[in-house]
Each structure stands twice: as structure tokens, then as C-alpha cells.
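Subject: Model handover

Hello,

Here is the model for your files. Please open it alongside this note.

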Amino acid sequence: MSLVLNGFSVSLDGHPLAVLDGEVERGKVLSVMGPSGVGKSSLLLGMAGLLEPPFTVAGRLELNGRDLLATPSQERALGLMFQDPLLFPHMSVLGNVMFAVNRRGRDGARRNRGRRAELALSHLKRVDMHTLATRDPDTLSGGQKSRVALARTLAAEPEALLLDEPFAALDQALRAQIRRIVFSLAAQDGLPVVMVSHDPADAAAAGGPVVSLMA
Amino acid sequence: MLVPVVAGVVGIVLPALGYFPVIGYELWGPEIILGLLAEPGFTRSVMVSAWTGLVATVLSLFLTVAILAATFGTRALVVAERLLAPILSVPHAAAALGLVFLFAPSGFILRLLSPWATGYEVPPDLLILRDPWGWSLVAALVLKELPFLFLMALAAMPQVKARERVMVARSLGYGRMGAFLHAVWPLLYRQIRLPVLAVLAFSASVVDVAIILGPNRPAPLSVRVVEWMGSPDLSAWATGSAGALAVLVLVLALIVLWLMVEVAGGRVAGQICLSGHRMRWADGLRGVIVAVACVLALTMFLGFGGLIMQSVAGFWRFPDAWPSAFVWSAWGDRLPAALGTLSTTFVIALVATVLSLVGAVVLLEADRRGGAPVWILYLPLLVPQVAFLFGLNVLAIGAGVTPGLAIVALTHVIFTLPYALIALRGPWRALDARYEQVAGTLGAGPLRRFFGVRVPLMLLPLCVTAALCIAVSVGLYLPTLIVGAGRVETVTTEAVAASVGADRRLIGFWATFQLLIPAAAFALARWLPAMVYRDRRGVRAARQPG
């Protein structure tokens, strides 16, 4: 299982912003560093299929042999996490994770609401948030929100993770803790990870290859 | 939206130019227009329309900017914001009837002052309302248009980063008012320009308020057009069409004049901005401006309360401040007969609201995905109603459409849809688009992203927009009257009809429904999302612009 980027680029109004090459093996992290405005986040959004005109993408992007650029965004199986956890404020913690549980997954019983709730709860357990499942997301701390966001992302059973400065809003102690959880769960699930960050400590903790984009 | 307006205008231009085969006119010449110009009091009617339109717009805009500058960043602005919905939801005709209740020679204010302060034992023979130059008409228009412009300005504030600009200007030594006027107002005005022009067009061509409060010797041009069009003499239709064309030309001329003054005013304002005057002296006026705003709000609420009281008032001789008794049976007697009118009002409002909400959402989604010419939808607010509704009616009859509920409801959509767009556009754009992006990466397709994420997060704006559409529909007079051919009765057509009679209890009865239906709609619009999301604090924050 790997994510292959071959001359994958994002352009704005025809002007190239950033180009990325490389292969990310399962459980490994590719760190993308660089100053603000070079197009790091746009690269991730482009990979997820979320960029709209005047942005365009080019090159090749393959996940486990699938051509992602020819795949609709909702079928790319790429989990995306932002700096802001962006929990859906109209749902409970459990509701957020249930939203991500795939109804058409390998398990045929997933159309059953109770079964989906069980699965969502098991994902919350992985990040130690199952005891707060009925809470309003707005009442959680920053670290708790990040953990729920991670559980939600993993509940969709992605085949790769895209992290857009996911630890930037956390304080130093919390940042180390959440980093550890994210990287270890990604490794457990065998997911290739592409992480955009400003912080060299993030890249050091990830331990994988580092690509620096220039302005 | 372009089609009915343009078709309606064509429908009045042809008869105005002498082509109206139904009544045997195939003149193709200026005779009818020349006949209109020769009508007694025509020039005066045009001048009254132009004057009231311009003065009402200038005063509404002036008070909007003054109140905003005086209250920006204070608790008073929060209070003003909360008072806006109930005032905005009131139909123009009800606001006008409220003014009649307060300021008529036998009105509540003179009753409170008589006889101890005025010496009046009988209502004085004073021309307070329906004055020849339309000051009372201007007052009613200002009371309704000021809250509208105020709301438009508040909605545009986040786009111009008003708070930050005021803070920067104040740190440079500008006073509170000076900071707002120099750093925010020029940008804000650009954002609300279209609503300002809509206010100008509406004020110069209003019919229902002018029937209640406007001068009648002669009446403003739009009222005379309605009279000509309603005349049993079919040839008066041609004069009416020429009159409707004259209203359109007048409004276009006023808009051009406004835009010219705007350019000149912009230059002067630019010079003042560069002069470096800190305008700290203006802060001394804040108290006066807030007091004026309070008086205006109080006038509205007193008028509303008075209309409700009037609907149940028993014998009420002048100068008694209060009725000698309250006659609750007045409601009991009238209500059974009114149920048909009420259900007609509800059905039209609901159909117009549902169609407008769906239309607005489709257009806003198209706008988000690369731009749709949304501005075209504001056209019905810029083109005077009398200038295209009669033409539209002629074309509808020509096409074999029978006047009735369905065609009236569809015509209401022409007016409710622009308001739905105005109300929904800001919140729709302000919702953090990343929620839907995240949903997409979680496997949600476009429909699930829309109905599972966007619609629930937009529940409050959608409900408030629905309430606004109901309020607009309930308040529409001319479209209901013309397109319904007088056969479709709503609470507003009944209230306006009652206003020219002498039965004050009947006026109060219908005006109370005009007040209650929109108020109930807005109350429901606030209550429903609050109930659904009573345990979800973050829903409101998701709609704040980032």
C-alpha cells in the first residue's frame, strides 16, 4: 500500500504553485515544509480533490495503484485533517464519528444505526474519547477535539492520511501527545501520511522523508 | 426574473404608445402620452412622487449612518439589532396605519395632550396627515426603510472588517463617530448601494402607504396610475399605462440623479477624509442620535400597540386618552368571516416562501460554484411595481391565465425571492466551506454534504429567511390587487381597503393580523433552531466569517 506522487502540481490561474514527487510507504510520513504562501495546503486540498477553479492540478497521484485524479473526492479514501478540528457543531461527539462510518463498508450490517454507533464508539475508544461520546463538541478542550477529529477521520477507513498542520493550534505538551497518537494509529492501520507543517519538531517526530518547498 | 419584469414593462409601453387593440387603439403615436401630460395636476403628482422618494431615501440613509456611527461597538447597537426583526416584519401599510393612529387630528398623541395642553375639546381641523407635500408619507417611509437599510448595513459589516478598521482609526486619534465615518462608511456604502437604490425606487412609487398617508389633491403619480387602471372607463387604461411609463422614467431619472450626486458626494467625502479632522466633536452628538433612534422605535411600537387596542376599542370619544370600554365581541363577530381571507393569505405566503427558499438556495449554490448573475434578481426591487405589474397582468390575461391564487402566489415570488437572496447570501457565504470539504473526505457525496452538513448548519438563517418571505408576502398590496384582479383578498388588501373607510375597529382588526402573522413567523423562526440545537453551542460560530 503506498501513495505515489509523480510531478503532482497545483497551479493558480495557470501559474504553478507547488510540485511534489515521491512515494510514501504504508505507515510512513512524508513531511512537506516551507514558508507561508508556497502552496503546501493547496497541495493537500488538490490531492483530496477539493480545489475548485481557478486552481488546477496536474501530474499523477496514485493510491495503491488507483489513479486518484480520475476519482471523485468522496471516493478517494483520503483522510484529511486541518489545524482546526472542524467537528460538525450540530452533532454530538458520537454523531461526528458516526457520520464518517461507511454504510457500504465490508461489514454488511452497517446500514443498521446501532451497528454504526458501535463502530463509531470503537473508534472513539482508540483515542480514549468514548466516555465523552454524548457531549456537545463545543464543550471539549482543544486536545479532545483533535482526538475526536482523528477518530472521525479513521472511522471513514481511509487508505492514506493528509495532515494540514494538524498540531499547530495546540500547546507544546499537547502537541507532543496528539502527534504521538496520530502517528502511532496511522502506523497501526498501515496508512501512508502526507503532513504539511511549519514546525521542524513535527517532521522530526514523524521520522520520514522531508520535502521543502521554496517560495 | 428578468422575463416577467421586461414583459410587464413592454405590456405598459405598448398601450402608452397607442397600441391597445383590445379597446380598439392602434394609434402608434404620442397622443396618449400627450394626453397624460395634459391631465390636471400631472406635474404636481410627479413632483410629489419625486420629492417624497428623494427625501425619504436621504433621511433613511442619513439616519442609518448616524445611528450606526453613534452606536457602533456599544450595547445600544446590540439592542437595536434585536429590535430590527419585529419592525422589519411589519408591512408598510400597517406602519402607516400606526402613524394614523398616533398623529391623526383625533389620534392618540393629541388625545394625550388634550385638553389640558392644547385646549382642544374636539379634534382640530389640522392637516397633519395627507399634507400636500407628503411629509407624513415621508415619515412612514423613513420608519420602514431605515430599519431595512440598517439591516443591510449590519449584514455587510463583516465584509468590510468594520471592527478592525474602527480600532485602527481610533488608535490614530479619531473619535468614535469620526472613526466609523472615515474608516468604515465609504466601504459600507458601496456594499449597500443596491438596497439604497431599491429604497429610492420604492419610495418614489409606493402605492399602499400613499393611499393611507399621501396627499390626494393631487395624489402621487403611482396612486393616480392605480386609479386610472381601476377606472370602469377602459380608455383610462391607456392613460394609466402612460402614467406607469412615466413612473418608470421618473424612477430611472431619480436613480441617475442619485448616482451623479453620489459621485460628487464621494469626492467631497474623500477630501474630508484627507483633511485629518479627528471629528471628536461629533461624539457629543451621540446621545442626541440615540435619543432620536429611541423616539423612532417607540413611535413604531406605540403605533402597533395602538392598532391592536383600536381593534377592540369600544366607544372612544375625543379627547379621552383611552376607550371607555373594550369590545372583545368585535373580534368574535368578524373572525368567522375573516377566516377565508386569512387562509388565502397563508396559502399565498407559504407557496411564495417555499418557492423563494428553493430558488434562493439553488442560485446561491450556483453563485458559490463560479458565479450566477444574482444581481438580476434585484430588478423587481429597482423597477417600480406599477411600471410592470399592470403590463404583466395584461400579458397574463392575453395568455388565458385566470386571475387567482396560483398566479398571485407566483407573482409574490418575484418580490420574495430578492429578499430571500438578500437575507441568505451573507450567512450562506460565511459558513466555513471546510466543513463540507471534511465531509467530502469522509466519503459524503454532494447530496449528503448539502443535506447533512450545510442545511443543518444553515437552519437558523433558512428559518429567518422563510419568516422574512412570509412577512414580505403578507405585506404585498399592489401585486395582490392587480394580478388577483381584485378577487384575491389578503389581510393587507383588506387593511388598505379599510383604511379609506371610517370603521377604526375594522382597520385595527386587519392591521393586527398584519402585525401578528409576521411576528409569529419570526418568533417561530427563532424558536425552532434554538429548540433543535439547544445542546449545540458551536452551531452559531460555524456561520461566523473566518
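My notes on the fold and the chain contact follow.

This is a predicted model: local features need pLDDT of at least 70, side-chain atom pairs count only at pLDDT 80 or more, and totals for chains, interfaces and linings use all residues. Residues are numbered from 1 along each chain as its sequence is written, and chains are lettered from A and ligands numbered from 1 in the order in which they are written.

Overall shape

Chain A has 6 helices and 9 strands. These are DSSP runs, numbered from the N terminus (helices: H or I, at least four residues; strands: E, at least two). The radius of gyration of chain A is 17 Å, close to the 17 Å from the globule rule for 215 residues, so chain A is as compact as a globular protein of that length. That radius is taken over C-alpha atoms, and the rule is 2.2 Å times the number of residues to the power 0.38. The C-alpha trace of chain A spans about 50 × 40 × 30 Å along its principal axes. Of its 215 residues, 45% count as buried (20 or more other C-beta atoms within 10 Å of a residue's own, with C-beta atoms placed from the backbone).

The antiparallel sheet

An open sheet of 4 strands in chain A runs in the order β2-β1-β4-β5, with antiparallel pairing. Strands pair if DSSP finds at least two bridges between them. The edges are β2 (15-25) and β5 (66-67) of chain A, each pairing on one side only. Strand β1 (residues 2-12) of chain A is joined to β2(A) by 9 bridges. Leu5(A) sits opposite Gly22(A) in β2(A).

Around β8

Strand β8 (residues 193-197) of chain A is mostly covered, with 5 of its 5 residues buried. Val193(A), Met195(A) and Ser197(A) point one way from β8(A), and Val194(A) and Val196(A) the other way. Strand β3 (residues 29-33) of chain A pairs with β8(A) in the parallel sense over 5 bridges. Val29(A) is opposite Val193(A). Strand β7 (residues 160-164) of chain A also runs parallel to β8(A), joined by 4 bridges. Here Asp164(A) is opposite Val196(A).

The chain contact

In all, 21 residues of chain A are in contact with 23 residues of chain B (C-beta atoms, placed from the backbone, within 7 Å). On the chain A side, β6 (78-81) and α2 (93-100) each supply at least two residues. The most come from β6(A), with 3 residues.

Best regards

Notes:
Two residues are in contact if their C-beta atoms, placed from the backbone, lie within 7 Å. A residue is buried if 20 or more other C-beta atoms lie within 10 Å of its own, exposed if 12 or fewer, and partly exposed in between; C-beta atoms are placed from the backbone.
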